[in-house]
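Here's a quick tour for anyone meeting this structure for the first time. Have a look at it, and then we'll walk through a few spots together.

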Amino acid sequence: MQPEERITRCDRPPEKVTVLFDGHCRFCVGSSKKLGRLARGELELRSFREEGVLERFHPLGLAQCEKAMQLIDTDGHIVEGAEAVVAAVQGRWFSPVAKAY
């Protein structure tokens with residue numbers, strides 16, 4: 001069985017940097033809200049479980065989203081997990097600390 005290839009770009013970039021999280025996971029919901037506060041409202045937070053969200057970010061799929069938080073920038077680039085958190089707080093006073101992580 002071949003490992004699933006990680007998608008790194010979506011077909012239609014969002015107008016605002018968007019974070020996709022698992023809306024069925026309390027930890028994920030809480031973490032994404034905290035990330036949104038740290039980013040001072042510069043992110044759109046969306047549960048990939050909401051109807052139409054995955055279709056909006058084609059070819060990003062359910063399997064990749066279930067593995068880690070996904071961040072899609074306004075150029076359509078996709079990063080995930082800790083890299084997504086670092087990208088989300090880019091430019092904040094604590095971003096050098098986040099990058100070191």
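## A glutamine in a strand

Is Q70 buried or exposed? Keep in mind that we're looking at a predicted model. Q70 is buried, with a relative accessible area of 0%, which puts it under the 20% cut-off for that word. You'll find Q70 in strand β3, which runs over residues 70–72.

So what does the side chain of Q70 meet in there? One partner is the side chain of Q64, with a polar contact at 3.0 Å. Another is the backbone: the oxygen of A68 sits 2.9 Å from a polar atom of the Q70 side chain. Setting aside neighbours within four places in sequence, Q70 is also in contact with a list of residues including T18, V19, L20, I78 and V79.

Now turn to helix α1, residues 26–38.

Which residues of α1 are buried? They are S32, L35 and G36. Looking down the axis of α1, these buried residues fall within an arc of 100°, so they line one face of the helix. Here's some background: an α-helix has 3.6 residues a turn, so residues three or four places apart point the same way.

The face of α1 turned away from the buried side carries the exposed residues R26, F27, K34 and R37. On the buried side, the cover includes β1 (18–21), β2 (44–47) and α4. After α1 comes R40, which has a positive phi, near 55°.

## An alanine in α4

Helix α4 covers residues 81–88, and A88 is part of it. A88 is buried, at a relative accessible area of 9%. Not counting residues up to four places away in sequence, A88 touches L35, A39, L43 and L71.

How far apart are A88 and T18 in space? Their C-alpha atoms are 9.0 Å apart, though 70 residues separate them in sequence.

## A word on the cysteines

How many disulfides does the structure hold? The count is zero. Two cysteines are worth a look anyway: C10 is buried, with a relative accessible area of 5%, whereas C28 is partly exposed, at 23%.

Terms used: Residues are numbered from 1 along each chain as its sequence is written. This is a predicted model: local features need pLDDT of at least 70, side-chain atom pairs count only at pLDDT 80 or more; totals for chains, interfaces and linings use all residues. Side-chain values use heavy atoms; hydrogens and water are left out. Helices (H or I, at least four residues) and strands (E, at least two) are DSSP runs, numbered from the N terminus. Buried means under 20% relative accessible area, exposed over 50%, partly exposed in between (1.4 Å probe, protein chains only). Contact means heavy atoms within 4.5 Å. The arc is that of the directions from the helix axis to the C-beta atoms. A disulfide is a pair of cysteine sulfur atoms within 2.5 Å. A polar contact is a pair of N or O atoms within 3.5 Å; within protein, one must be able to donate a hydrogen and the other to accept it, and residues adjacent in sequence count only if both atoms are side-chain atoms.
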